[in-house]
Amino acid sequence: MTDTLKNVEVFPRAAAEEPLYEVRQKIYPRAVSGAFARWRLALVIATQLVFYGTPWLEWNGRQAVLFDLGARKFYVFGLVLWPQDFIYLTLLLVIAALSLFLFTAVAGRLWCGYACPQTVYTEIFLWIERRIEGDRSRRMRRDAGPLTLGKTGVKASKHAIWIALSLWTGFTFVAYFTPARELAGEAAGLALGPWEGFWILFYGFATYGNAGWMREQVCKYMCPYARFQSAMFDSDTLVIGYDPARGEPRGGRSRSVDPQAKGLGDCVDCGICVQVCPTGIDIRKGLQYECIGCAACIDGCDQVMDKMGYRRGLIRYSTENALKNRWGFAATLKRVLRPRVAVYTAILWTLILGTGGALALRVPLKVDVIRDRGSLSREVEEGAVENVYRLQIMNAAESPRVFHIGASGLPTLKVAGESFFAVEGASTRMVPVRLRVAAGDARPGSHRIEFEVGAVDKPGVSVRERSVFLVR
């Protein structure tokens with residue numbers, strides 16, 4: 001037994017305990033300026049003005065954009081949408097998906113690099129961090145140093161501002177579902193409802209955790225788009241790429257040195273492209289799924305090229321085919337605008353125009369017909385046959401209206417009793433309606449009829465709904 005054990009190969013302990021996941025190395029993105037940085041800044045400002053400002057806009061005496069889940073009404077400026085208008089939400093999601101396909105086919109991860117909330121809030125949190133803690137080198141030295149009173153104060157200040165911004169973000173999110181002014185009053189009086197309080201804290205915590213702590217981990221491991229983006233790219237998609245034919249072999253040198261004389265490419269191996277990358281990748285190794293397309297490496301490299309007196313574009317937006325075949329801008333653009341892009345564009349604009357037309361022609365009135373199950377058919381005076389219905393009239397306009405109810409489908413079919421009903425703006429009313437047919441004018445059985453409901457003050461606002469009339 002002992003001899004057998006001696007012959008068994010024992011694996012090293014370190015190999016057996018190799019961790020399943022790589023330990024995270026904190027990334028300290030370096031600040032960068034340039035054309036693409038200005039684009040990112042402009043989109044950060046634009047998106048946040050829309051997000052934070054929209055709940056405070058008023059329209060016709062109410063909040064301009066409000067998703068009132070309790071009343072099952074969505075207010076979008078002049079539109080009042082009901083659950084029956086779910087088709088418009090479906091179309092909006094389809095348009096958003098096709099837009100993503102189109103932008104990705106043309107120029108890769110434009111959404112991720114410039115407008116994704118994770119990117120936007122990471123940029124905001126990084127800006128706060130730089131203002132309080134200093135540039136990249138100072139932050140690295142402070143984190144590597146011992147814990148001191150000054151370090152604690154700086155960190156506490158940064159996190160206090162992060163938390164305040166996160167809570168305000170959570171408040172703004174909830175303000176799309178509870179009127180902002182009402183919500184502000186509740187928050188000031190510490191009288192928030194349980195759901196409002198939960199979602200403010202939850203959304204604020206998610207913002208603080210994702211943008212303040214996890215950052216690139218969300219893009220690399222949590223976001224599904226990073227995993228399937230390669231299926232949406234092809235060799236003619238504009239992506240951020242390093243030109244190895246021009247840059248290699250890389251190596252350091254002074255500005256006065258002629259790189260060709262030393263057999264060097266234009267890349268001075270400064271590492272700026274890695275230092276400015278928010279996900280910490282080296283774009284010189286080729287396109288990687290971690291790249292979010294923010295173009296910070298382009299701005300950083302262009303700054304170095306300017307200082308060295310070299311031509312810009314060592315790292316640039318290009319395509320795989322363009323880099324391989326050394327195409328110019330015109331040839332590259334011609335291949336970018338390929339049939340696939342044309343098909344996406346045509347479908348997208350068809351949907352946008354169709355949805356816009358449907359909204360413009362939408363009648364602000366909906367009617368649901370419900371038969372009275374307690375009295376399907378009955379005989380009334382002089383042998384006439386009467387059916388009772390309940391009509392749910394939904395006035396999607398914001399002004400009150402009076403509606404007239406009529407019916408057709410049988411020779412002597414008429415509305416017995418009241419046929420005019422007033423409905424308040426953006427509200428519903430359930431009204432009882434009795435239809436009557438003279439004796440002998442309809443054979444026993446089921447007969448198709450049609451209700452006609454129209455606004456008295458606006459003839460164009462009318463709908464027709466089918467139902468059945470029963471004769472015993």
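1. Phe 74 counts as partly exposed, since its relative accessibility is 31%; here buried means under 20% relative accessible area, exposed means over 50%, and partly exposed lies in between, with a 1.4 Å probe and only protein chains considered. The structure is a predicted model, in which local features need pLDDT of at least 70 and side-chain atom pairs count only at pLDDT 80 or more, while totals for chains, interfaces and linings use all residues. Residues are numbered from 1 along each chain as its sequence is written, and side-chain values use heavy atoms, with hydrogens and water left out.

2. Phe 74 also belongs to a nonpolar surface patch of about 580 Å², which it makes together with Leu 57, Trp 59, Leu 69, Val 76, Phe 77 and Phe 177. Patches are built from residues with over 30% relative accessible area and no salt bridge, where like charges are joined within 9 Å and nonpolar side chains (Val, Leu, Ile, Met, Phe, Trp, Tyr) within 5 Å. The accessible areas come from the Shrake-Rupley method with a 1.4 Å probe, and for residues only the protein chains shown count as cover.

3. Phe 74 sits in strand 4, which covers residues 73–76; helices (H or I, at least four residues) and strands (E, at least two) are DSSP runs, numbered from the N terminus.

4. How many bridges join strand 4 to strand 5? Three bridges join these antiparallel strands, and Tyr 75 has Val 80 in strand 5 as its bridge partner. Two strands are said to pair if DSSP finds at least two bridges between them. As background, the strands of a sheet pair through backbone hydrogen bonds, in either a parallel or an antiparallel way.

5. Strand 15 and strand 16 form a hairpin, with six residues between them.

6. The whole structure holds 29 salt bridges, each being a side-chain nitrogen of Lys or Arg within 4 Å of a carboxyl oxygen of Asp or Glu. In one of them, the side chains of Arg 62 and Glu 398 meet at 2.6 Å, N to O. This pair links distant parts of the chain, 336 residues apart, with Arg 62 in strand 2 (residues 62–63) and Glu 398 in the loop between strand 10 (385–395) and strand 11. Arg 62 is buried, at a relative accessible area of 14%, whereas Glu 398 is partly exposed at 28% relative accessibility.

7. Lys 155 and Asp 143 form another salt bridge between their side chains, at 2.7 Å, N to O. Lys 155 lies in helix 8 (residues 149–174) and Asp 143 in helix 7 (residues 136–144), so the pair ties together parts that are twelve residues apart in sequence. Lys 155 counts as buried at 18% relative accessibility, while Asp 143 is partly exposed, with a relative accessible area of 24%.

8. The side chains of Arg 316 and Asp 243 likewise meet in a salt bridge, at 3.3 Å, N to O. Arg 316 lies in strand 7 (residues 315–318) and Asp 243 in the loop between strand 6 (239–242) and helix 13 (244–247), so the pair ties together parts that are 73 residues apart in sequence. Is Asp 243 buried or exposed? Asp 243 counts as buried, since its relative accessibility is 2%.

9. Ser 318 is also placed in strand 7, and at 5% relative accessibility it counts as buried. Leaving out residues up to four places away in sequence, Ser 318 touches Thr 237, Leu 238, Val 239 and Leu 323, where contact means heavy atoms within 4.5 Å.
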